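This report concerns the packing of helices and the nonpolar core in one structure.

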Amino acid sequence: MNFKFDLPDLQAFNAVAKFSSFRAAAQSLHLSQPALSRRIDKLEDALGVKLLERTTRSVRLSNV
């Protein structure tokens, strides 16, 4: 496993989990949606699991 992630990556995940929305999470963190998505991707890659189930209309925590 490659544990190369940092506190802002965890904060990004926390915001998405809290708001169940990439748009709202990005706004709360003062990030663009693509930047937020990159942080989530980086965290998922580092941990080797999908943390979020995403569709074009919704996002929810996965059953990991």
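Apart from its neighbours within four places in sequence, Leu43 is in contact (heavy atoms within 4.5 Å) with Phe5, Asp9, Leu10, Phe13 and Leu51. The model is predicted, so that local features need pLDDT of at least 70 and side-chain atom pairs count only at pLDDT 80 or more, while totals for chains, interfaces and linings use all residues. Residues are numbered from 1 along each chain as its sequence is written, and side-chain values use heavy atoms, without hydrogens and water.

Leu43 also belongs to the largest nonpolar core, which has 12 residues, including Val16, Phe22 and Ile40. Such a core is a set of buried Ala, Val, Leu, Ile, Met, Phe, Trp, Tyr and Cys residues joined through side-chain atoms within 4.5 Å; buried means under 20% relative accessible area with a 1.4 Å probe, protein chains only.

| Pair | Angle | Axes |
|---|---|---|
| H1 and H3 | about 110° | 9 Å apart |
| H1 and H2 | roughly 130° | within 8 Å |

H1 and H3 are therefore roughly perpendicular (65 to 115 degrees). Their contact is made by Pro8, Asp9, Leu10, Ala12, Phe13 and Val16 of H1 and by Leu36, Arg39, Ile40, Lys42 and Leu43 of H3.

Conventions: Buried < 20%, exposed > 50% of the residue type's maximum accessible area, 1.4 Å probe, protein only. Axes fitted to C-alpha atoms, helices over the stretch in contact; angles between N-to-C directions. Helix = DSSP H or I, 4+ residues; strand = E, 2+ residues; numbered from the N terminus. Parallel < 35°, antiparallel > 145°, perpendicular 65-115°, else oblique.
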